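Trainee: I would like to learn how to read a few features in a model. Can we work through one together?

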Amino acid sequence: MQTAWKALYNTVAVPTLYTGFQALAFFNPKVRQGLLGRQSVFESLTEQLAIARSFDRTAWFHFTSVGEFEQAKPLIDHVYPQTRIVLTYFSPSVAANAYRYPLADTAIYLPLDSRQNAHRLFDLIQPSILIFSKFDIWPNLVWEAKRRKITVALIAGTLQPNSKRLQPVASAFFRSVHQEIDLHCVISEQDAVRFKQLCPPAARIEVTGDTRFDRVYNQALVVPEDEAFLPGQSTLSAPVVVAGSTYTEEEVILIESLNQMTTVSPHLIIVPHEPTPVHVQQLMERLRKSGLTYVKYSELVEESNLSQVRVIIIDTIGILAKLYRMADVTFVGGSFHGSVHNVMEPAAMEKPILFGPTIDNAHEAHQLVQCGGAEIVNSANQLVDVLGRWLVSPQQRQQVARSALRVIQDNLGATERTLDHLQPYFSI
């Protein structure tokens, strides 16, 4: 049966994916950027390997985007001293981050998952182990690894309850892939139950937790408590709400809620997920029409007086963690757009958290709600209600924030548990 699935995947699915990406590139700049980045991956990989560190073992980590990369980093930290590290990724949003990562010997876009490309990658990389992060598993890579008797592992694995991979036809196909994976390290017991639907009875499925908890907690420890890094920060005269990784849908709700608030008037710092000039310009136009005063981060100087500014737009990247540290309340974006972004970061900073309704992609978001460290808001009116309660009560904010931090602390140790289970397959 696996032979039939391989043939179907390579004769139908792979050409369809190729055609689909080519068509989407005409309309989607992100897809277009990804295709451009893949044009010379083998040349780039060859050049990078030529100057890479030389070890008997090579660990190949693959991830789709930023969050999955963060899950891989704690493991990379441990194996780097005695292992060559090869990174492949799918999304353009993580490309620069991966390329600059100091522990990567090589970092490239993953080319289209064709049989020929898989052969070329394995010939060049010659990995000792292939490790997928979370869910971005590519069939030809798995099948080729098995053919070459190379260990394949999944770390921080997760499957949503409504995952299309669990549907009848899809699950039959993915069983032909997962049966060749040597080790599944999954986030929760519920994920383990779902992965069993895709794996043979003898498969190794271990509940190890999410390595990102370790990553964000350790990062939070080194972010200074009282550092004033925002020009004019000392002039902020009201509570501060930091909205991170926002999309247009969330920004509309945030602006509407800010206009409705009467009992307290917080400063709102908006950190768009992609602060492109076009997006920032559209955001400024909405604020102008709403009558709210605003300023861009790039316009601030040390003498700036922010006391009368309601909204600060962050038109750069790389400072969200520091902004969360100075927040009284945080709002995490993505959940009105499609899927919530990183809720662990503000939780590790011991901050109360708000987000919208779409959180099934993040098990930790459900944990935060269940433990009282976060609340879901479905509209501007609900956002006004929660902010009104939290901003006037430091005691309530502190209680919610402690619950958020407790979720992080209760989930620490996933890195060590994952490494323990990898040990039989890979000398660490």
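Mentor: Gladly. Keep in mind that this is a predicted model. Let us begin with the cysteines.

Trainee: How many disulfides does the structure hold?

Mentor: First the general idea. A disulfide joins the sulfur atoms of two cysteines covalently. Here there are zero disulfides.

Trainee: Now helix packing. How are α11 and α16 arranged?

Mentor: Packed helices are described by the angle between their axes and the distance between the axes. Helix α11 spans residues 248-260 and helix α16 spans 380-391. Their axes lie 8 Å apart, at an angle of about 55 degrees. That makes α11 oblique to α16. The crossing is right-handed.

Trainee: Which residues meet there?

Mentor: From α11, I253, L254, E256, S257 and Q260. From α16, A380, N381, L383 and V384. By class, this contact has five nonpolar, three polar and one charged residues.

Trainee: And α7: how many of its residues are buried?

Mentor: Seven of the nine in α7 (residues 139-147). They are P139, N140, L141, V142, W143, E144 and A145.

Trainee: What covers the buried residues of α7?

Mentor: The cover includes helices α1, α6 and α8, and strands β1, β4 and β5. After α7 comes K149, with a positive phi near 60 degrees.

Key: Residues are numbered from 1 along each chain as its sequence is written. This is a predicted model: local features need pLDDT of at least 70, side-chain atom pairs count only at pLDDT 80 or more; totals for chains, interfaces and linings use all residues. Side-chain values use heavy atoms; hydrogens and water are left out. A disulfide is a pair of cysteine sulfur atoms within 2.5 Å. Axes are lines fitted to C-alpha atoms, for helices over the stretch in contact, and angles run from 0 to 180 degrees between N-to-C directions. Helices (H or I, at least four residues) and strands (E, at least two) are DSSP runs, numbered from the N terminus. Angles under 35 degrees count as roughly parallel, over 145 as roughly antiparallel, 65 to 115 as roughly perpendicular and the rest as oblique. A crossing is left-handed if the near helix is turned anticlockwise from the far one by less than a right angle, and right-handed if clockwise. Contact means heavy atoms within 4.5 Å. Ala, Val, Leu, Ile, Met, Phe, Trp, Tyr, Cys and Pro count as nonpolar, Asp, Glu, Lys and Arg as charged, and the others, Gly among them, as polar. Buried means under 20% relative accessible area, exposed over 50%, partly exposed in between (1.4 Å probe, protein chains only).
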